[in-house]
Amino acid sequence: MTIFARRARASAGRMHPELTLVSYTLLGHLEEQGGCRATDLAAHYALDKSTVSRQVAALERAGLIERRLDPEDHRVQVLHLTEAGEEILAQVTRSRRAAFRERLADWPEEDLVRFAAYLERYNAGPGATGSG
């Protein structure tokens, strides 16, 4: 698992220099949810609010996300992907999928089916975040 995590972190950096694995994951969640509050990100990933704040600030500086007032409660700011954020997320997602296809290209169908089932089982277990 450690090697898997190291490879995931390293591949995020190779796919786009501005995106860490955490940044990519946060952008993916914002896309899936159609935006959310920073506190929602912290709760979803069981991260400290200060950690999320630093990540959000970096993504804002890079022009990948923006804050918008919640139309139902103007005291609340909701994070959304910018057009640049959507483009980079799509680019990195395409690159990751291509890398997975290349890495798994010579695996027998039976192994792929088993591997997918194991990943689904692992991701459904306790502490799973449902993204990434």
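These questions and answers walk through the predicted model shown above.

Visitor: How many helices and strands are in the protein, and which pattern do they follow along the sequence?
Guide: The model is predicted, and its elements can be read off in order. The protein has six helices and two strands. Read along the sequence, they give the pattern α-α-α-α-β-β-α-α.

Visitor: What percentage of the residues in the protein is buried?
Guide: Buried here means under 20% relative accessible area. The protein has 132 residues. The buried share of them is 27%.

Visitor: What share of the contacts with a separation of 6 or more comes from residues 24 or more positions apart?
Guide: Take the contacts in the protein with a separation of 6 or more. Among these, the share from residues 24 or more positions apart is 48%.

Visitor: Which residues touch the most other members of the largest nonpolar core?
Guide: The core holds 19 residues. Elements giving two or more residues to this core are α2, α3, α4, β2 and α5. The residues that touch the most other members are Leu19, Leu27, Leu30, Leu41 and Ile65.

Visitor: Is Leu30 buried or exposed?
Guide: Leu30 lies in helix α2. Its relative accessible area is 3%. The cut-off for burial is under 20%. Leu30 is therefore buried.

Visitor: What separates the C-alpha atoms of Leu30 and Leu79?
Guide: Leaving aside neighbours within four places in sequence, Leu30 is in contact with Gly35, Cys36, Leu41, Ile65, Leu79 and Leu81. Leu30 and Leu79 are 49 residues apart along the chain. Their C-alpha atoms are separated by 7.3 Å.

Visitor: Which residues does Leu41 touch, not counting residues up to four places away in sequence?
Guide: Leu41 is one of the residues that touch the most other members of the largest nonpolar core. In α3, Leu41 is also among the residues that meet α4. The residues Leu41 touches are Leu26, His29, Leu30, Cys36, Val52, Val56 and Leu79.

Visitor: Why do α3 and α4 count as oblique to each other?
Guide: The two helices pack with their axes 9 Å apart. Their angle is about 120°. Roughly perpendicular covers 65 to 115 degrees, and roughly antiparallel starts over 145. The pair therefore counts as oblique.

Visitor: What is the class make-up of the contact of α3 with α4?
Guide: α3 passes α4 in a right-handed crossing. From α3 come Ala38, Thr39, Leu41 and Ala42, and from α4 come Lys49, Val52 and Val56. By class, that contact has five nonpolar, one polar and one charged residues.

Visitor: How are α2 and α5 oriented to each other, roughly perpendicular or roughly parallel?
Guide: Their axes come within 11 Å and cross at roughly 110°. The crossing is left-handed. Angles of 65 to 115 degrees count as roughly perpendicular. α2 and α5 are therefore roughly perpendicular.

Visitor: How do the residues of the contact of α2 with α5 divide by class?
Guide: α2 brings Tyr24, Leu27, Gly28 and Glu31. These meet Leu89, Val92, Thr93 and Arg96 in α5. The residues divide into four nonpolar, two polar and two charged.

Visitor: Which value of phi does Ala46 have?
Guide: Ala46 lies in the loop between α3 and α4. Ala46 is exposed, with a relative accessible area of 69%. Most residues other than glycine have a negative phi. Ala46 has a positive phi, near 55°.

Visitor: How far apart in space are Leu64 and Leu27, C-alpha to C-alpha?
Guide: Leu64 is in the loop between α4 and β1. Leu64 is buried, at 1% relative accessible area. Leu64 and Leu27 are 37 residues apart in sequence. In space, their C-alpha separation is 8.3 Å.

Visitor: Which residues does Thr82 touch, not counting residues up to four places away in sequence?
Guide: Thr82 sits in the loop between β2 and α5. Thr82 counts as buried, at 12% relative accessibility. Thr82 touches Gly63, Leu64, Ile65 and Glu66.

Technical notes. Residues numbered from 1 in each chain as written. Predicted model: local features only at pLDDT ≥ 70, side-chain atom pairs only at ≥ 80, totals over all residues. Heavy atoms only, no water. Axes fitted to C-alpha atoms, helices over the stretch in contact; angles between N-to-C directions. Helix = DSSP H or I, 4+ residues; strand = E, 2+ residues; numbered from the N terminus. Parallel < 35°, antiparallel > 145°, perpendicular 65-115°, else oblique. Left-handed = near helix turned anticlockwise from the far one by under 90°. Contact = heavy atoms within 4.5 Å. Nonpolar A, V, L, I, M, F, W, Y, C, P; charged D, E, K, R; others polar. Core = buried A, V, L, I, M, F, W, Y, C linked by side-chain atoms within 4.5 Å. Buried < 20%, exposed > 50% of the residue type's maximum accessible area, 1.4 Å probe, protein only.
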